[in-house]
Amino acid sequence: MNSSITDAPKSILRIDTDFTEMEPDPIPAEWILAGEPQARVSKLVTSRDWSSTVVVWDCTPGWFKWHYSKDETAHFLSGEAFMIDEAGEEHRFGAGDIAFFPAGTACTWRVTEHIRKVAVIRETMWRPLGFVLKMSKKILRGEQWQVKSNANPNDRPTRGMVTDS
């Protein structure tokens with residue numbers, strides 16, 4: 001396991017993003033418009049259902065195209081970059097900024113200072129499948145609703161697990 005990740009109780013991970021072990025994550029040469037941007041990434045953790053991954057990503061100055069094939073929520077830790085969206089509008093991102101980039105977003109990045117971010121990257125799901133999954137979870141949760149057997153008529157159902165005690 002990465003030495004920058006420390007175990008905390010109950011499967012919670014605490015991550016020191018200043019000391020993560022980064023690996024090269026080359027930007028496709030045909031996407032680079034100016035400069036020689038060098039990107040690196042460290043995959044920190046993947047969810048149990050493999051739908052989401054948390055990464056630290058950084059990049060040196062340069063100008064390049066980018067296409068988001070998955071949903072990404074990013075928290076910028078340091079540096080500065082400007083994103084030009086499909087409408088030609090420029091947006092500045094720097095330390096402390098949080099942004100969401102939906103899958104399918106195409107843009108151009110102009111990195112002016114070495115940029116570093118933590119991002120949650122999530123696989124997109126076909127909307128009808130997502131609806132079925134959401135409904136099945138609600139149904140399963142509904143099975144956990146129990147009415148106390150010695151309850152008076154004013155008591156409401158309680159949510160929780162039934163124990164044998």
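Helices (H or I, at least four residues) and strands (E, at least two) are DSSP runs, numbered from the N terminus. The structure is a predicted model, in which local features need pLDDT of at least 70, side-chain atom pairs count only at pLDDT 80 or more, and totals for chains, interfaces and linings use all residues. Residues are numbered from 1 along each chain as its sequence is written, and side-chain values use heavy atoms, with hydrogens and water left out.

Helix H1 spans residues 127-142 and contains Lys137. This lysine has a relative accessible area of 45% and is partly exposed, a class that lies between buried (under 20%) and exposed (over 50%), with a 1.4 Å probe and protein chains only.

Trp50 occupies the loop between strand S5 (39-46) and strand S6 (52-59). Its phi is near 65°, a positive value in a residue other than glycine. Trp50 is exposed, at 69% relative accessibility.

Aromatic pairs join rings of Phe, Tyr and Trp (its six-membered ring) with centres within 6.5 Å; planes under 30 degrees apart are stacked, over 60 edge-to-face and the rest tilted.

| Pair | Centre distance | Plane angle | Class |
|---|---|---|---|
| Trp66 and Tyr68 | 6.4 Å | 65° | edge-to-face |
| Phe93 and Trp109 | 5.6 Å | 50° | tilted |

Phe93 belongs to strand S9 (residues 90-94) and Trp109 to strand S11 (residues 106-122), so their pair ties together parts 16 residues apart in sequence. Trp66 and Tyr68 are both buried, and Phe93 and Trp109 are buried as well. One aromatic cluster is formed by Trp31, Trp57, Phe64, Trp66, Tyr68, Phe76, Phe93, Phe101 and Trp109.
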